[in-house]
Amino acid sequence: MLVLNCSTKLLTLEKMLKSHFPESLKVYGAVMNINHGNPFQKEVVLDSWPDFKAVITRRQKEAETDNLDHYTNAYAVFYKDVRAYRRLLEEHDVINWDQVFQIQGLQSELYDVTKAVANSKQLNVQLTSFKAVRFSPVSTLPDTSLLYVDLLTFLLVSSSSRMSSPPRLTHLSVADADLLNRTWSRGGNEQCLRYIANLISCFPSVCVRDDKGNPVSWSLTDQFATMCHGYTLPEHRRKGYSRLVALTLARKLQSRGFPSQGNVLDDNTASISLLKSVHAEFLPCRFHRLILTPVAFSGQSRL
């Protein structure tokens, strides 16, 4: 095991990972965030350097942790040789197996290999699999200023609109974290609330606010530079908010050099239709999120 903490080598690793898209996207996003100030206190573990066969990003050992917080206790994985990944898992001190945590990746063997090692350490593994998507280059994306004009026009002629002033396109604030926690299918708990507040503080977000300043539609970016928690309040749907928010965030990420990537569940037909309408690329690999829980913690954490 090798912890890569040299800034020059981390920049080199970022370039190397780019040549392994799309499977390396999660690790690539985490490494980019490390190279942009490391707001989530991450570090990189490899089997060797520079000819690595497996790489894992994880929280730094000195970072404050909550053993029930699988949102923050998150690892991203990319491997060229799945056997090298398994050897890293089996090495002492690479993974903190004494807490609830998650592992993310875009490779098909990830679940089976991780589960085999987790079973030997008496952890339960919950898998969720998604379609992985990536937005087109910004030069080919629809013009968001025109979308905003179209939205205002729709609201002006819509009899269902009761706004005394036009909606405002802006970003989220930490004060919005409670609303996001209550509306996220993965949320509703103290750990998620704290995690969302940290995401808002650290990474790009976009939201539409109504005439009272309340968020009605939004999306934010996670610790792997992934667009997440895209949501519009039910009473504000079918107005074009989600499209405007998603494309604005995609442009914002790309303007900073980040890939605009996301994940969508297979049965989320509304989001899939939206992504198709903006010509997002559905990747050949799938996104896998594994939540691992020590048997001793079963029933204590809300997954």
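Buried here means under 20% relative accessible area, exposed over 50%, and partly exposed in between, with a 1.4 Å probe and protein chains only. Two notes on sources. This is a predicted model, in which local features need pLDDT of at least 70, side-chain atom pairs count only at pLDDT 80 or more, and totals for chains, interfaces and linings use all residues. Residues are numbered from 1 along each chain as its sequence is written, and side-chain values use heavy atoms, leaving out hydrogens and water.

Cysteines, then. C192 is buried, at a relative accessible area of 0%, and C228 also counts as buried, at 13%. How many disulfides are there? The count is 0, where a disulfide is a pair of cysteine sulfur atoms within 2.5 Å. The reason for C192 is that its closest cysteine sulfur, in C228, is 9.4 Å away, too far for a bond.

On to the cores. In soluble globular proteins, nonpolar side chains tend to be buried together. I take a nonpolar core as a set of buried Ala, Val, Leu, Ile, Met, Phe, Trp, Tyr and Cys residues joined through side-chain atoms within 4.5 Å. The largest one has 59 residues, and L13, L17, V44, V55 and F135 touch the most other members. Helix α8 gives the most to this core, with 8 residues; helices (H or I, at least four residues) and strands (E, at least two) are DSSP runs, numbered from the N terminus. A separate second core has 23 residues, among them A54, I103, L123 and L290.

Last, the pockets. On a 1 Å grid over the protein atoms alone, a pocket is an open set of points where a 1.4 Å probe fits, with protein on both sides within 12 Å along at least five of seven lines; lining residues have an atom within 4 Å of a point. Volume is the space filled by probe spheres set on the points, which are joined across faces, edges and corners.

The largest pocket holds about 1,300 Å³. It is lined by 43 residues, with H229, G230, Y231, N268 and S271 closest to the centre. Which element gives the most to that lining? β10 does, with 7 residues.

The second largest pocket comes to about 230 Å³. Its lining has 13 residues, and R59, E64, T72, R194 and N198 lie nearest the centre. Helix α7, residues 190-202, gives the most here, with 3 residues.
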